[in-house]
Amino acid sequence: MNTAIEVRQVHKHFGALHALNNIDLEISTGEFFALLGPNGAGKTTLINIIAGLTLASSGSVRVMGHDVIAEYREARRMLGVVPQELVFDPFFTVRETLVFQSGYFGIKKNNRWIDEIIHHLDLSDKADTNMRSLSGGMKRRVLVAQALVHKPPVIILDEPTAGVDVELRQSLWRFIKQLNHNGHTIVLTTHYLEEAEALCNRVAMLKNGSIIVLDNVRNLISNIAGYRIRLQLSPDTIPVALQPLTISHDQGYYVLAIEEYFQLENVMAVLRSTQTQVLELQILQPDLEEVFVKIMHGAENLEFVSV
Ligand SMILES: Nc1ncnc2c1ncn2[C@@H]1O[C@H](COP(=O)(O)OP(=O)(O)OP(=O)(O)O)[C@@H](O)[C@H]1O
């Protein structure tokens, strides 16, 4: 497999702020990759550096083998970026915006592909509408369309579903999944962790400008999240020995956190020895959100995880 994006020892300073701290990242062609992190972690800065829109203070970035500074045009052509901010020329229609964007990449006859994108993004009704009369969600669809006009092999989406309704979210993801299936590399930032979990193979989590975790989603969930046990007990009292594991007690149900399955045995042994009867037991599957919260709150105790 070839490398779609290669980021080597990238630092970015904004005055005194060290916004990116020694970022090393390699994303292979065909991956569906998520860049996650709280507000201000550095995701957009990293994307802008990859897109050649912001200069790194040091380090290097290549897109499909092209250096984003020395070979800006080639690297840019390989990349479709859906930015977070909605910025348009308000006097163009949707179609004109897409034709203009094609011209920017030197593509003259692009109508068939433009029609296809318009269709997949459910923009057919709005193709001849001026940008200024579109709703926020519609404008976001055009941003996605704009990023795709030159059929870039690598597509970066910076929070594409922020403020977007469920229907568009689903149609957008169907289309992006199809593009990924056809071989496009997809990099996504999102605050919707269930989206990242459902769509992506690997994730990088950024905190204060550093990558603190880089792994595939399944490994992260099984290695980091641990498990939750939901119990209904009789009598409705948790034995003292299990209190340190207890994270909630609500409407007659206790939720206990364990790291590994074998700890379930210990929990059951304590319940037996205290003659506590189990009325109901459920093992709750952890999700990426739990991993994220755990990592963001306890990053200092974690070792760098990598595949
Ligand atoms: N042009 C700039 N000048 C000064 N500081 C900046 C600039 N751009 C970003 N920053 C700062 O760099 C840090 C990283 O910002 P960035 O926008 O990359 O974060 P993010 O992870 O994309 O956040 P969000 O999830 O809110 O979009 C923030 O502290 C931000 O204030």
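Apart from its neighbours within four places in sequence, Thr189 is in contact with Leu35, Lys43, Ile47, Asp158 and Glu159, two residues being in contact if their C-beta atoms, placed from the backbone, lie within 7 Å. This is a predicted model, in which local features need pLDDT of at least 70 and side-chain atom pairs count only at pLDDT 80 or more, while totals for chains, interfaces and linings use all residues. Residues are numbered from 1 along each chain as its sequence is written.

Thr189 belongs to strand S8 (residues 185-189); helices (H or I, at least four residues) and strands (E, at least two) are DSSP runs, numbered from the N terminus. Thr189 counts as buried because 25 other C-beta atoms lie within 10 Å. On this scale a residue is buried with 20 or more other C-beta atoms within 10 Å of its own, exposed with 12 or fewer, and partly exposed in between, C-beta atoms being placed from the backbone. Pro160, 29 residues away in sequence, is 7.9 Å from Thr189, C-alpha to C-alpha.

Lys43, one of the contacts of Thr189, also takes part in the surroundings of the ligand. The residues around the ligand are Phe14, Leu17, Ala19, Gly37, Asn39, Gly40, Ala41, Gly42, Lys43, Thr44 and Thr45, where a residue is near a molecule if its C-beta atom, placed from the backbone, lies within 6 Å of it. Strand S2 (17-28) and helix H1 (43-50) each supply at least two residues of this shell, and the largest share, three residues, comes from H1. By class, the shell holds four nonpolar, six polar and one charged residues. Here Ala, Val, Leu, Ile, Met, Phe, Trp, Tyr, Cys and Pro count as nonpolar, Asp, Glu, Lys and Arg as charged, and the others, Gly among them, as polar.

The helix pair H3 and H5 comes next. The axes of H3 (residues 94-104) and H5 (residues 136-148) come within 9 Å and cross at roughly 25 degrees. The two helices are therefore roughly parallel to each other, a term for angles under 35 degrees. Their contact is made by Val94, Thr97, Leu98 and Gln101 of H3 and Val142, Ala145 and Gln146 of H5. These residues divide into four nonpolar, three polar and no charged.

H3 also contains Glu96, which counts as partly exposed because it has 15 C-beta neighbours inside 10 Å. Glu96 and Arg202 lie 36 Å apart in space, C-alpha to C-alpha, and 106 residues apart in sequence.

Technical notes. Axes are lines fitted to C-alpha atoms, for helices over the stretch in contact, and angles run from 0 to 180 degrees between N-to-C directions. Angles under 35 degrees count as roughly parallel, over 145 as roughly antiparallel, 65 to 115 as roughly perpendicular and the rest as oblique.
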